[in-house]
Amino acid sequence: MSVLFVTMLAVAAAINAALFYRLLVGRTAFDRLLAAAAIGTNAVILLVLIGFVFERPDMFVDLALSYALLNFIGTVAVGKYLETRQHQLWSLIHSAEEEDA
Amino acid sequence: MSNEPRQVDVRPTKLRQTFRWTVQTLALFVVWLAFSGHTQIEFLIMGAIAAVIGTALTHWLFAGDQEARFRHKPYPPSWFVPATFRVVLYAPWLLWEIALSNIHVAYLVLHPRLPVEPSLVEFETSLRSETAQVLLAQSITLTPGTVTVDVSNGMFMVHCLSAKSRQGMEEGSIQRKVAGIFAEEAPDSVQLTDVVAVEQVLP
Amino acid sequence: MSIAGSVLIALGLAFMVITALGMMRLPDFYSRVHAVSKSETLGIALVLLGLILHEGATLVSLKIGLILVFVAVANPVGAHLLTRAALRTGQLPWRRGDGE
């Protein structure tokens, strides 16, 4: 019974390791952010499975839920921040170009 | 139909806002109860305080969104019964599309040569109500190989993963389905514009 | 453990493996969003559904159901927000013939 859960846990952990590749290699900041969001969502599954392995799902499910909420807020906050920052940067450049012309 | 103004100012009234906050506070309190599972008076008071703080915080964060807003004309109450019925009929089709889209992505990813043909396209929707546009955006994201990137002023920007999914967008069958739910009009085919230059995406 | 639950969990894990493969193989950020917003959402939904079937009707499965609903809504929305932010910073998707 528990062997099955440990196997699932191992598979989910392997998936997370594969996602870490994208987080480290990246290429653009958004690739890294996307990988971080995916890792966070996978961590929710990991937490629930750990709860079943240790036969304390009641406690770990609460942890998983708060983790899911925080993960979503984190993604939204960072994405929003980058968007507005770059927006301001672009409008600054454009207004400078208009002044030059 | 097309001559009358389709968008009206729906500024929320004081009564409506109070009602909204009351419902939100109660909902937060119920969630607190479900998660704590305790019924002692101290925990209830703590939960009530947390619910009020949560509502106040959302009001503070999203105050700008509750100011003047131009939206589609409100639907009459009698409209909601058939619309709900049509949405319920729409759900199984959407679930089937979700399954198809996952199989499509899995096929593309697992294929040894990775046969992707990505393209970013833009089109103008014929849908006027905000709710219909949101449903269309969500449905596009869930259908095979397409993701909605941006929606503003009725212009949809969609990223297609393969040539097949791009063709699906051109046929515009999702838009016709959503238009059917909201009793709006939709064309037989959609004019897609390719987005290839940075000037097209920046204001 | 019920057979249906195990099958659902195995299927969900398979979709999560596809997500990870997609994140490694697909050519650019916009294509990778497809992997995260579709395959991962379905994979997690299936795993959580399987766990609900395994657990039966308890408070724990109610909470797992809450997680399921939240992730199903939040994951595509988060992916969409990231793509929109990427587009508004002026990043264009990769096209066949661009090289790399």
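**Reading a predicted three-chain model**

Of the 203 residues of chain B, 34% count as buried; buried means under 20% relative accessible area, exposed over 50%, partly exposed in between, with a 1.4 Å probe and protein chains only. This is a predicted model, in which local features need pLDDT of at least 70, side-chain atom pairs count only at pLDDT 80 or more, and totals for chains, interfaces and linings use all residues. Residues are numbered from 1 along each chain as its sequence is written, chains are lettered from A and ligands numbered from 1 in the order in which they are written, and side-chain values use heavy atoms, leaving out hydrogens and water.

Me: What is the order of elements in chain B, from the N terminus on?

Reply: Helices (H or I, at least four residues) and strands (E, at least two) are DSSP runs, numbered from the N terminus. Chain B has 6 helices and 6 strands. Their order is β-α-α-β-α-β-α-β-β-α-α-β.

Me: And how many helices and strands has chain C?

Reply: Chain C has 3 helices and 0 strands. Its pattern along the sequence is α-α-α. Of its 100 residues, 62% count as buried.

Me: Which residues make the nonpolar surface patch?

Reply: Patches take residues with over 30% relative accessible area and no salt bridge; like charges are joined within 9 Å, nonpolar side chains (Val, Leu, Ile, Met, Phe, Trp, Tyr) within 5 Å. Here Ile41(B), Ile45(B), Ile49(B), Ile53(B), Leu57(B), Trp60(B) and Leu61(B) make a patch of about 760 Å². Take Ile49(B): it lies in helix α2 (residues 41–61) of chain B. Ile49(B) is partly exposed, at 48% relative accessible area.

Me: How large is the area buried between chain A and chain C?

Reply: The size of an interface is often given as the accessible area lost when the parts come together. Buried area is what two parts lose on being put together, summed over both (1.4 Å probe). Between chain A and chain C that is about 3,900 Å², and carbon and sulfur atoms give 79% of it. In chain A, Phe30(A), Leu34(A) and Glu83(A) lose the most area to chain C, together 17% of what that side buries. By contact (heavy atoms within 4.5 Å), 44 residues of chain A meet 41 residues of chain C.

Me: How many salt bridges does that interface hold?

Reply: A salt bridge is a side-chain nitrogen of Lys or Arg within 4 Å of a carboxyl oxygen of Asp or Glu. The count between chain A and chain C is 2. One of them pairs Asp31(A) with Arg32(C), with the closest N and O atoms 2.5 Å apart. Asp31(A) is buried at 3% relative accessibility, and Arg32(C) is buried at 5%.

Key: Accessible areas come from the Shrake-Rupley method with a 1.4 Å probe; for residues, only the protein chains shown count as cover.
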